[in-house]
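I opened the notebook to look up a few charge pairs, a helix pair and a surface patch. The entries follow in the order I checked them.

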Amino acid sequence: MEKKILRLLIVDDSPDDAELAVATLRKAGYMLKNQRVQDLASMQTALDKGGWDVVLSEYTLPHFGAQLALDLVKRSHLDAPFIVVTRNIRDHDLVKIMQNGAHDVVLKNQSARLAPAVQRELRVAEERRQLRTLSSSLNEMESKNRAIIEGSREAISYSLDGMHVDVNKAYLELFGYESLAELEGVPVLNLIDKSDHPRFKDALRKASSQNPPLQQEFLAIKKDGGHLHAELSISPIVLNGENCLQFVVVDVSKRKAVENRLQYLNQHDPLTGLYNRHHFTQELTKTLEKVKKDESQSSLLYLDLIELKEINDTLGHAAGDRLLLKIARLFREKLGESTILARFSGDEFTALLHGMSEAEIKESVTALLATLKETTFNENGKTFRCDGTVGVVVLDKSTESALSALNKAYQSCQHKRPPKPAAVPMPAPTPAAVAETLSATMTPLHAAEVETHKAAPILHDAAMDWEARLKIALEKEGFQLAYQPIVNLHGDPEEYFEVLLRLVGRQGELIHAGEFMPAAENHGLMPAIDRWVVRQSIQSLAALHREGRRASFFVNLCPASLKDPELLTLLQKQIATARVKPEFLVLEADEPAVTSRSTDAAMFMQAVRKIGCRFSVDNFGNNLANLNRLRNMPIDFLKISGSLIRNLATDALTRTSLKAIIDLAKAMNTQTVAKFVEKAEDLGILWNLGFDYVQGNYFQQADAHLDYEFADETTLSSETSSPNWAANSNR
């Protein structure tokens, strides 16, 4: 041990004996700084000065002694060796003083023992100081770790021999327990669903041999019996000297729901809920492999609807979609739940039948066609028959491939289609016929006007007097609302729709806003139209809420409406009258309207926010510099321009720009919507980029009916594999 100056306090009434002790220690190599005391007062004074390394005390002194000296040392919290150096001591006194805390007893006639005893006790005292320092550091570290664990959002628990011994607050909250006392002695296995017990036991066996933490997903059980998908990281740890296991638990139920939802969208047609072309082709390939392996037999049905194109052309795609839904339900009822049924393209369906003889297949197809012929579709007073043709191909070991089977079934189906009637050439209309047609469909024209239009074809509504027509539509409720769903990519169960405007034509057809809005803007009718849309939207929203549907509407506004005081007054009045919560109404305006009229837009947004409504900027992204101008505005949603979405899969630069927009939007606490989504493969890209919502014809075209079925995560496919974004959309 390295020699140093030793500060020595001697309690003795004999100067000679004290000098003997000093000489002995100096002879042993110590450099000393010493002081002798012989009564309580002088010793207390010496202790108050502090800094003593060793205390040597005579056992018996007049009115004083080693016992009192030891008590003084204890009260002063001096951690220094206390050694009794005496001429004589009885065994009973020796035991008593040692029990009270003396470190050693050395007789004065055995002075050779003094130096080794001092050396030993100094070493022990140093080890004690080091132990205190380490213990303090350990306690501090444990306190920090406990604070980190308690403050962690991740649920953490520790188990010994499979039983809970410690947990943090997040773990209790995750599983629904009030305190650790409820879990102490409860096996961790009890929180895992029985179906996962074998996998969990295997994971526990492997955990001790894993250097990095073992990570697996399990179906866990809460205290109330509810289930959650949990990702567990299991790692060995020593806790209070015992070999334990640490469990870090993350609730991935929401992520699983999103994965399942994306998997569902990847495999299913979004309109009918049947399998899509991509997934059906995979199933057909698997069926062929099975047929060739076990020499069994299956059948491929190819079903083609005859009337769908006519309905789409006559009544619009929304009516065609309703027919498709009706036919899909009919096919499912007739072919059974076990049949693999798909919407293969726009008006074509395919099905796989297993374990049926040729006679049974023929009977089933005949019954299906008969039911199809008897089924009618009524829309706008018109009745259509749901006729169709079916091609059948038997799948056996002689079938070359899935593609050849599909081609054969398609050709069989096409041969059965009735021939199209030959086109009858129409004579060119005479000027008189043109004039007669114009007079029947429009206000009378002067003779000069008829002469001018002699060579023109029959005119469309676009050639009419739009100003008069639009004013009549406002007065006579000649507009109609259409709705397109906005689908959440991250498990939000709420329903969102964008409200679009249509003008009812003379023959009942619906005219898109793009055809009449320029005229409305030229004639200053846009604010009045916006007020009509807001009023009708709130009434429609109120009706949905009365049905128990928590839907939200996005309503587009023109630039002039951003400084229309009548609109804000109408908005407040309609919301109060309809008893609709204002947060379910999202008003939106195009990016150019917001940035070019930033003062008006900011004031309008503040007024809308006070009412309680939300605000969205539409068609954003064509000028990224504008994002900084929007930072301080109360914006809830950014709808990204469709021009950026259309080439998403092939344009890496666009994806980089979109990622930058989304990151900035998140920093602004603003949600993002991708518009014009038309392809299934774009969904995976949009999800990875971090979009919150998607909208487009891939899900549903704008329709007057609010019957879109938002996917319920609890009913989607239970497959847990990662989505394979290679599906083709046939909408």
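Is Lys-471 buried, partly exposed or exposed? I looked it up in what is a predicted model: Lys-471 has a relative accessible area of 39% and is partly exposed. Its salt-bridge partner is Glu-467, with the closest N and O atoms 3.2 Å apart. I find both residues in helix α17 (residues 466-475), four residues apart, about one turn of the helix. Glu-467 is partly exposed too, at 27% relative accessibility.

I then looked for shared partners. Salt bridges link Asp-12, Asp-17, Glu-58, Arg-87 and Lys-108 into one network. My search over the whole structure returned 30 salt bridges.

Next I checked helix α5 (residues 114-151), where Glu-126 and Arg-129 sit three residues apart. They form a salt bridge, with 3.3 Å between the closest N and O atoms. I noted 33% relative accessibility for Arg-129, partly exposed, and a relative accessible area of 33% for Glu-126, also partly exposed.

Arg-120 and Glu-121 pair through their side chains at 3.0 Å, N to O. Here Glu-121 is buried at 8%, whereas Arg-120 is partly exposed at 30%.

For the helix pair I took α20 (residues 565-578) and α22 (residues 598-611), whose axes come within 11 Å and cross at roughly 15 degrees. Angles under 35 degrees count as roughly parallel, so α20 and α22 are roughly parallel to each other. I logged their crossing as right-handed.

Last, I looked up a nonpolar surface patch: Leu-94, Val-95 and Met-98 make one of about 210 Å². Met-98 belongs to helix α4 (residues 91-100) and is partly exposed at 33% relative accessibility.

Technical notes
Residues numbered from 1 in each chain as written. Predicted model: local features only at pLDDT ≥ 70, side-chain atom pairs only at ≥ 80, totals over all residues. Heavy atoms only, no water. Patch = residues over 30% accessible without salt bridge, like charges linked within 9 Å, V, L, I, M, F, W, Y side chains within 5 Å. Areas by Shrake-Rupley, 256 points an atom, 1.4 Å probe, with all protein chains shown as cover. Salt bridge = Lys/Arg side-chain N within 4 Å of Asp/Glu carboxyl O. Helix = DSSP H or I, 4+ residues; strand = E, 2+ residues; numbered from the N terminus. Buried < 20%, exposed > 50% of the residue type's maximum accessible area, 1.4 Å probe, protein only. Axes fitted to C-alpha atoms, helices over the stretch in contact; angles between N-to-C directions. Parallel < 35°, antiparallel > 145°, perpendicular 65-115°, else oblique. Left-handed = near helix turned anticlockwise from the far one by under 90°.
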